[in-house]
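These are my notes from one sitting with the model. I went from the whole chain down to single residues.

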Amino acid sequence: MMRAASPSATSTWQGQSTVWQVSEAGASGANDYSGLMADEPREYRTGSDPRTLRDALGCFATGVTIVTCIDGDGKPVGFTANSFTSVSLDPPLLLVCIHKSAACAPCLTDASHFAVNVLQNEQQPASIRFSTRDQDRFGSTPWSEGEFGPPILKDSLGVFECERFEVHEGGDHHIVVGKVLKASFDASLDPLLYFRGSYRRLHFD
Ligand SMILES: Cc1cc2nc3c(=O)[nH]c(=O)nc-3n(C[C@H](O)[C@H](O)[C@H](O)COP(=O)(O)O)c2cc1C
């Protein structure tokens, strides 16, 4: 029997053709998507419903980051991103994709420096705050200025401070490539994960 997918969305971000649906599942992360996707193979073709493409992309489990920089007025800005990818070791490059309609897109693509804060499993509230409009993102999140200027979120699992290397067009997103100037991490922390529209945590048997 076909079941309607009804995730407990707490905030929804919709760009021109991309939808990020956020569910506050607990550590198990189970929601109605999991049954639907396990039972019913689904298929996307160019031009069909972009939500099916989003669900297909959501099968790729990721970590969660908050990308930060300083705007032209000297104020900190940042947004939640799971498009973070390593690119090259020599030179040391990484990338993040930001939707062109995001409020902080002009700032991030102009900024000389930015930071990628990799979140640990206690930072789900920060992830929600930095993916929800009209939140006091930095007022409620302890942070400090990084060595190269961008905001560093306290207690992150890892931090990459970057200088802007290149910005590419990527359809409805900008692909922002950064050269890593400094990377630091706390190997004792576990990551916050994201899979099929829900926050997840590592499970060890
Ligand atoms: C887990 C998660 C990952 C996300 N990853 C991205 C991303 O990689 N790129 C992007 O443009 N938006 C992403 N979003 C949506 C942005 O965080 C959200 O649209 C943000 O509020 C944009 O902020 P702004 O428009 O206020 O700048 C993600 C949201 C969540 C919950």
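**Whole chain**

I first looked up burial: 42% of the chain's 205 residues count as buried, meaning under 20% relative accessible area, with exposed over 50% and partly exposed in between (1.4 Å probe, protein chains only). The model is predicted, so I note the limits: local features need pLDDT of at least 70, side-chain atom pairs count only at pLDDT 80 or more, and totals for chains, interfaces and linings use all residues. Residues are numbered from 1 along each chain as its sequence is written, and side-chain values use heavy atoms, with hydrogens and water left out.

I counted elements next and found four helices and 14 strands; these are DSSP runs numbered from the N terminus, H or I of at least four residues for helices and E of at least two for strands. The accessible surface comes to about 11300 Å², and carbon and sulfur atoms hold 53% of that (Shrake-Rupley method, 1.4 Å probe; for residues, only the protein chains shown count as cover). For contacts (heavy atoms within 4.5 Å), I took those with a separation of 6 or more; residues 24 or more positions apart account for 63% of them.

**Strand S12**

I then followed S12 (residues 173–185), which runs antiparallel to S7 (residues 93–99) and is joined to S7 by seven bridges. Pairing here requires at least two bridges found by DSSP between the two strands. Cys97 has Ile175 in S12 as its bridge partner.

S11 (residues 158–170) is also antiparallel to S12, with twelve bridges. Among the partners I checked Glu161, which bridges to Lys182 in S12. S11 and S12 form a hairpin with two residues between them, and Gly171 in the turn has a positive phi of about 65°.

**Helix H2**

Which residues of H2 (residues 50–57) are buried? I list Thr52, Arg54 and Asp55. They lie on the same side of H2, because they cover an arc of only 155° around the axis, the arc being that of the directions from the helix axis to the C-beta atoms.

**Leu153**

Last, I looked at Leu153, which is in strand S10 (residues 151–153). Leu153 is buried, at a relative accessible area of 3%. Leaving out residues up to four places away in sequence, Leu153 touches Ile66, Asn117, Phe138, Thr141, Pro142 and Trp143. Pro142 is eleven residues from Leu153 in sequence, and their C-alpha atoms are 6.2 Å apart.
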